[in-house]
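Please keep the sequence and the structure in view while reading.

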Amino acid sequence: MSDQSPSPRSAQPESRRPSVGVQIGKITVGGGAPIVVQSMTNTDTEDPVGTARQIAELARAGSELVRITVNTPAAAAAVPRIRDRLAMMGVDVPIIGDFHYNGHQLLEAEPGCAEALAKYRINPGNVGFGKKKDSQFGAIIEKAIQYGKPVRIGANWGSLDQSMVATLMDENAKRAEPWDASHVAREALIRSALDSARRAEELGLPRERIILSCKVSGVQELIAVYRDIAARCDYALHLGLTEAGMGSKGITASSAALAVLLQEGIGDTIRISLTPEPGASRTGEVIVAQELLQTMGLRAFTPLVTACPGCGRTTSEFFQELARTVQAHVREQMPVWRVKYDGVENLTLAVMGCVVNGPGESKHANIGISLPGNGEAPSAPVFIDGEKAMTLRGDNIAHEFIGILDDYVANKYASRVG
């Protein structure tokens, strides 16, 4: 995982006051801390072995917080065992419990679960209904106070508090210029989150233990909701486009929405809610979140590889294969490099396919290689810190370039060991 080291951050807009910092284990969310990456398991929490394995996989990929579903008595009972398994695996990542409908019962019945979780997540739209809503919400907040846990109050437009919606619709009907339906829905989300947060404070939960989120699945709606709530409070905010979708659609939609908000200084922790391909690793959403923050200059997680897209000058697939090999090597090595070398996440690499932009782009990177395009001499100059260092030729270029990369890391970055 990242050590949450300081990094540059976009200037906050005038409408956004600095958020209150929330401590979740060793991780700080808000209060000017670097933006935190989180993810969620899709295992059955009743299976502590499988769930611990996936949490470890997500944490090693760089997820700094991991949320799990806690929906049954057996799932709640499994939480302490999951935490203990992670400790035996050497994985120290805060676990967040996601509660819907029966969280008050589960936390009361399983004190081990209440203690083992690093944070609780409550959805005000389904924490309880009718007369039971306030008491059931209050019961969870009381457990958070008892065990010293922070809480995310996460409103979602797929499970809006219908009594809140009805009240706002009545108010809207009396306006001289009524809002449209989407505006009413946004206001219901925001009011649900803010009213619940204020109620939690009234019950005794400190402000510095509250995080808010207002999830929607539309890009423009998400931007509008978070601009509004950021202007109306200083709680730490969790960002995410809910039900973003699969593959390129989910990545594009999430990036489009979150990048706008992050650029405006809105958001303290993010999740990219991707639908994984069947059988695919859950870690894809972690990598997308990291790359979004890193390409925006907000965090640094792993060396980034610049590579040209290819054109008629580069019909050979060799540069594509080399770029993929270098990218894979970097990700494989980062768990070791991150522990061993200070600052290695800021390393830049370039794998270019021809003479047009190859040498120039390579000079801008810490290490760059310009491969021969069509009709060019069969040689590949390598540039290190802006200077041509050597030329590679033959069939072993990929192996030699990886060796150059490993040597550079070992010699350039200060060892954390000793």
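## Cysteines

Cys-308 is buried, with a relative accessible area of 18%, where buried means under 20%, exposed over 50% and partly exposed in between, for a 1.4 Å probe and protein chains only. Cys-113 also counts as buried, at 0% relative accessibility. This is a predicted model, in which local features need pLDDT of at least 70 and side-chain atom pairs count only at pLDDT 80 or more, while totals for chains, interfaces and linings use all residues. Residues are numbered from 1 along each chain as its sequence is written, and side-chain values use heavy atoms, with hydrogens and water left out.

Which cysteine sulfur is closest to that of Cys-308? It belongs to Cys-354, and at 6.3 Å it is too far for a bond. A search of the whole structure finds zero disulfides, a disulfide being a pair of cysteine sulfur atoms within 2.5 Å.

## The sheet and its hairpin

Five strands form an open sheet in the order 13-14-15-16-17, with mixed pairing; strands are DSSP runs (E, at least two residues), helices are runs of H or I of at least four, and both are numbered from the N terminus. The edge strands, strand 13 (304-307) and strand 17, each pair on one side only, and two strands pair if DSSP finds at least two bridges between them.

Strand 16 (residues 380-384) and strand 17 (residues 387-392) run antiparallel and are joined by five bridges. They form a hairpin with two residues between them, and Asp-385 in the turn has a positive phi of about 50 degrees. Within this pair, Pro-381 stands opposite Thr-391, and Ile-384 stands opposite Glu-387.
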